[in-house]
Amino acid sequence: MTVPFLFILIETSMANNKKSFSALKFSGGNLLVLDQTLLPNKVRYLQLKNYREVIEAIKQLRIRGAPLIGVAGAYGLALESKRISSNIRTHLKKVSYEIKDARPTAVNLSWAIERLVKIVSNPEISDSKLSSKLISEAKRIDFEERTHSHMIGKIGAKLIKNNATILTICNTGWLATPGIGTALGVIYTAYQQGKKIKVYVPETRPLLQGARLTAFELTQAKIPYTLITDSTVASIMKKTDIVLVGADRIARNGDTANKIGTLSLAIIADYYKVPFYVVAPLSSFDLTKRTGTEIPIEERNKNEIIYIHKQLIAPKTANIYNPAFDITPNKLITGIITNKGIILPPFIKNINKYFQ
Ligand code: MRU
């Protein structure tokens, strides 16, 4: 894949590389992101110079994970405010729609953009102050999400017993959020507390976020894990103590959109009576959606299924259905671990309490 307008800043081979990384950094007016499509083989940082490059990076999953794309989108809009000088507010509102459309399921993206749009719409802020206000707000969202993931880690780690075997899906760690992560953040915190844990990591077809990203993170952190194919989940569920998954959008009744395959984990966990927890900041809730059926599900390109690393693995003419997410109904969810506490059923009533 060609990268037309992204500036390659740093590139290193992963072999022998022990340093710790950050998925996104805004410093000196520059937005640097780790290109996650290259992991675990290469660590390459890209400097994104304008909102179009941010949109490209979000669409291609160079930056991914619900909280992280929210933060990246916010910086994208803030960067655009620095670049233009006339018709600023009309232009920024138009750009805000384009950014929100980059990925439709994760509510964090539109939630973060809406926070900036409120500033754009505020007549009390002069045009000359707009850019600095937008940058400050993007930084505030970045900081809040970072702090929230640490709070989630602490709250969730209480549920993890010593010697626990944990099953997760996709990638929900520092590659998916500005902080330590959501489901993986709980795992990191429990491990740092000295608990012995084991993690099952499904590959997460088609884009292999489990194999490429979660396995990469857990290797770096030296947390014991076993990589499995997605179809192995049912056979290891009996040996699992708890399932922890992230969320891209949670409806008012607790129905949760998350990476495709999450629903299978929930159904199998229910069959084996294994507790199934969703782990997410409050920014992942969308109270305008009454149930999961109202959540838009992103469908992605068929090539993600028929090719692996440019190698054709199925007939080019195959009919393909490639939804990036599925909806887990609330009745399969034991609880939702958030930055404010653990929400238990009945979800409609208890979620409402968290937002009063
Ligand atoms: O398509 P992706 O890789 O962005 O999907 C990510 C997930 O589904 C995560 O579980 C979710 O965004 C929560 S991230 C903390």
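**Exercise 1.** How many residues surround the ligand, and which are the closest?

*Solution.* First, the ground rules. This is a predicted model, with local features needing pLDDT of at least 70, side-chain atom pairs counting only at pLDDT 80 or more, and totals for chains, interfaces and linings using all residues. Residues are numbered from 1 along each chain as its sequence is written, and side-chain values use heavy atoms, with hydrogens and water left out.

Now count: 18 residues surround the ligand (a heavy atom within 4 Å of it). The closest are Arg64, Ala66, Arg103, Asn258 and Lys259.

**Exercise 2.** Find how far the side-chain N or O atoms of Arg64, Arg103 and Lys259 are from a ligand oxygen.

*Solution.* Start with Arg64: the distance is 2.5 Å. For Arg103 you get 2.8 Å, and for Lys259 2.8 Å. Next, check burial: alone, the ligand exposes 410 Å², and the protein buries 99% of that (Shrake-Rupley method, 1.4 Å probe).

**Exercise 3.** Sort the ligand's shell by residue class, then by domain.

*Solution.* By class, the shell splits into six nonpolar, eight polar and four charged residues (Gly counts as polar). By domain, at least three residues come from each of domain 1 (7–150) and domain 2 (152–355); the bounds come from an automatic or database domain assignment.

How values were computed:
A residue is near a molecule or strand if one of its heavy atoms lies within 4 Å of it. A polar contact is a pair of N or O atoms within 3.5 Å; within protein, one must be able to donate a hydrogen and the other to accept it, and residues adjacent in sequence count only if both atoms are side-chain atoms.
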